[in-house]
Structures are given as C-alpha cells and as structure tokens.
Amino acid sequence: MSQDWKRAIEAQREEKSRYFGEHPHSPIPPDEREAFDGLSYYAIDADYRFEVPLDRYDDPEPVTVGTSTDGEQTYYRWGEFTVTIDGDDVAVQAYKADPDDDRLWVPFRDETSGDETYGAGRYIDLEVDSHRTADGEWILDFNEAYNPTCAYSDQYECPLPPTANWLDVPIEAGERAYEPDSGRPF
C-alpha cells in the first residue's frame, strides 16, 4: 500500500493547525490563539483505515439529530459500513444532510469520548472525489476523524452523533481532545 495517504493526512493536519492558529475565522477564540500551538492527534495508524462498501439503504429515512445547543437538525440515514476494529465487527451509519448531496457524514462517539477525545464525539466527511476507490468502495479512515467546531467554542451549534453511532470500542485515531491552554490534551 502506498504511503501517499499518510502524507496527505499529515499535510491536512498541519494546514488545519495553521488555519486554527492564524486565520480570523478560526473557531479558536481570539484570546486563546496566542497560546495555541497546534492541535493534538493520535499517530496515523493503517489499522483504522478501511476500504469498504457502503450497504446503502433502499429508502433512506430522515433522522432528527440533537445539537450542542439543544436544537435539532434533520439528516438522512444513508447506509452502513461494517469494519473490524481490534477483532470486533463494528457497524457505522453514514448520513447525508441533503439526499442530492454526494458527501457522506459519519459522526460517532467511541470509548475514548470524554476522556482522550471530545466528549460529544467526532466526525468524518467522505467526499466522492477523494474517498472512493476505483472499484467503488469507500475509504473510511478514522485517522481523518475531527472535532466539531463546538469543541473549541460554545458559540457554535454542532449536530451530535446519533446513538446508532455510539461505538463500544475505542477509536484511537484522528483528532484528540482540545485543551484551551495549550492545544494539547492532558
């Protein structure tokens, strides 16, 4: 397997930390940016990268999802991925905000949530152009898991992962918890 995907994730992480530390539209509150020294991530691990088919639902159902500000948003439960993590088969639901959109959204909580990672959960976005293989499978890479903007400031409203994606395994991949004092957990 080519290591290009690892280099792409490293570059994406560096760019995100730079944006969060310098850009005026960063979700990091302005008074915390001077002390901000980057985001914290787990080491990139090929065991959390999967090329899998999406078991697409024939009739995707709308699902009401709660938000971090006690609001609600509607998504469509589009299909399911099944992966094996540490010997356990894990089903992960994929959603769409709009049935006509090509992008899939995979919000999840896992056994690291609230401890090593953001308590409300993390997200993975899957784009057709960059997350599909030549044979039509999806690349579900937990190394790309990221915190929603509400992890950095309560001025944002973020959809919460539906209980169907509260995973009973630790996902030690992707972005870790943000600590305002240093940008590093613990």
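Why are R18 and E15 separated by about one helical turn? The two residues are three apart in helix α1 (residues 4-22), and therefore about one helical turn lies between them. Helices here are DSSP runs of H or I with at least four residues, strands are runs of E with at least two, and both are numbered from the N terminus. The side chains of R18 and E15 meet in a salt bridge, with 3.1 Å from N to O. A salt bridge is a side-chain nitrogen of Lys or Arg within 4 Å of a carboxyl oxygen of Asp or Glu. Eight salt bridges are found in a search of the whole structure.

The model is predicted: local features need pLDDT of at least 70, side-chain atom pairs count only at pLDDT 80 or more, and totals for chains, interfaces and linings use all residues. Residues are numbered from 1 along each chain as its sequence is written, and side-chain values use heavy atoms, with hydrogens and water left out.

Strand β2 (residues 55-66) runs antiparallel to strand β3 (residues 72-85), and eight bridges join them. Two strands are taken as paired if DSSP finds at least two bridges between them. β2 and β3 form a hairpin with five residues between them, and D70 in the turn has a positive phi of about 65°. D55 lies in strand β2 and has E80 as its bridge partner in β3. Leaving aside residues up to four places away in sequence, D55 touches G79 and E80, where contact means heavy atoms within 4.5 Å. Between the C-alpha atoms of D55 and A94, which are 39 residues apart along the chain, the separation is 9.5 Å.

β3 also pairs with strand β4 (residues 88-96), in the antiparallel sense and over nine bridges. V83 stands opposite V90 in β4. The hairpin of β3 and β4 has two residues between the strands, and D86 takes a positive phi near 50° there.
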